[in-house]
Amino acid sequence: MAAELVGCDQPFSPRAPFEQRLVIFSVLATNRNEQFVRVSTNYDVSGFDPNENTTDPGLKDATVSILSEGKTYTLRDTVLPRTDSERYKTPIICYIAKPFAVSYGKTYELQVVSPTLGTARASLTVPERSYVILGAAGEAYLDSPPPP
């Protein structure tokens with residue numbers, strides 16, 4: 001009995017070529033009069049553990065704006081204290097709009113312009129204020145003790 005094994009001698013790498021890009025994080029909140037936006041870059045590490053990176057990838061040189069109803073609000077850069085400095089030792093770099101109240105039912109566009117990484121935009125519409133109407137059965141259910 002004879003067996004032949006056929007293989008491939010081309011190298012395999014699970015890593016794609018790295019391309020640096022903008023990373024934007026923000027939660028527009030209706031319960032406060034200030035809004036925060038964090039702008040950073042993605043990063044590459046030598047191995048497969050992203051925690052190898054100990055340099056905060058936050059960007060200080062971006063221009064961050066929120067556009068709504070024909071008005072443009074430019075956010076100012078600031079730093080916030082970091083409560084956990086095990087990985088990153090520097091304060092948190094972010095952008096803030098204050099005072100800036102987010103309203104139910106309105107549409108907002110977030111625009112970030114980086115001199116080195118280009119422009120990124122995101123748009124969202126805040127849902128209308130929600131409410132729940134409970135009939136007599138619902139109220140009775142809420143007043144009843146939880147099942148054993």
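Y73 is partly exposed, with a relative accessible area of 32%; partly exposed lies between buried (under 20% relative accessible area) and exposed (over 50%), computed with a 1.4 Å probe on protein chains only. The model is predicted: local features need pLDDT of at least 70, side-chain atom pairs count only at pLDDT 80 or more, and totals for chains, interfaces and linings use all residues. Residues are numbered from 1 along each chain as its sequence is written, and side-chain values use heavy atoms, with hydrogens and water left out.

**Aromatic pairs**

- The structure holds two aromatic pairs; rings of Phe, Tyr and Trp (its six-membered ring) pair if their centres lie within 6.5 Å, and planes under 30 degrees apart count as stacked, over 60 as edge-to-face and the rest as tilted.
- The ring centres of Y73 and F100 are 4.7 Å apart and the planes stand at 75°, so this pair is edge-to-face.
- Because Y73 lies in strand β4 (residues 71-74) and F100 in the loop between β6 and β7, the pair ties together parts that are 27 residues apart in sequence. Strands (E, at least two residues) are DSSP runs, numbered from the N terminus.
- F100 counts as buried, at 5% relative accessibility.
- F100 also forms an edge-to-face pair with Y108, at 6.0 Å centre to centre and 65° between the planes.
- Y108 is buried too, with a relative accessible area of 3%.
- Through these ring pairs, Y73, F100 and Y108 are linked into a cluster.

**Nonpolar core**

- The largest nonpolar core has 17 residues, of which V37, V39, V64, L75 and Y95 touch the most other members. A nonpolar core is a set of buried Ala, Val, Leu, Ile, Met, Phe, Trp, Tyr and Cys residues joined through side-chain atoms within 4.5 Å.
- Two or more residues of this core come from each of β2, β3 (63-68), β6 (92-97) and β7 (107-114).
- With three residues, β7 gives the most to this core.
- Beyond its neighbours within four places in sequence, V37 is in contact with I24, F25, S26, V64, L75, C94, Y95 and L110, where contact means heavy atoms within 4.5 Å.

**Largest pocket**

- The largest pocket holds about 170 Å³ of space. On a 1 Å grid over the protein atoms alone, where a 1.4 Å probe fits, a pocket is an open set of points with protein on both sides within 12 Å along at least five of seven lines, and lining residues have an atom within 4 Å of a point.
- The lining consists of V23, I24, F25, R38, S40, T41, N42, Y43, D56, P57, R82 and Y88.
- By type, the lining divides into six nonpolar, three polar and three charged residues.

**Loops and backbone**

- The peptide bond from K98 to P99 is cis, with omega near -5°, and P99 is found in the loop between β6 and β7.
- E69, in the loop between β3 and β4, has a positive phi, near 50°, although this residue is not glycine.
- Most residues other than glycine have a negative phi, and most peptide bonds are trans.
- E69 counts as exposed, at 60% relative accessibility.
- N31 lies in the loop between β1 and β2 and is exposed, with a relative accessible area of 69%.
- From C-alpha to C-alpha, N31 and S103 are 9.4 Å apart in space, and they are 72 residues apart in sequence.

Methods. Points joined across faces, edges and corners; volume = space filled by probe spheres on them. Nonpolar A, V, L, I, M, F, W, Y, C, P; charged D, E, K, R; others polar. Helix = DSSP H or I, 4+ residues; strand = E, 2+ residues; numbered from the N terminus.
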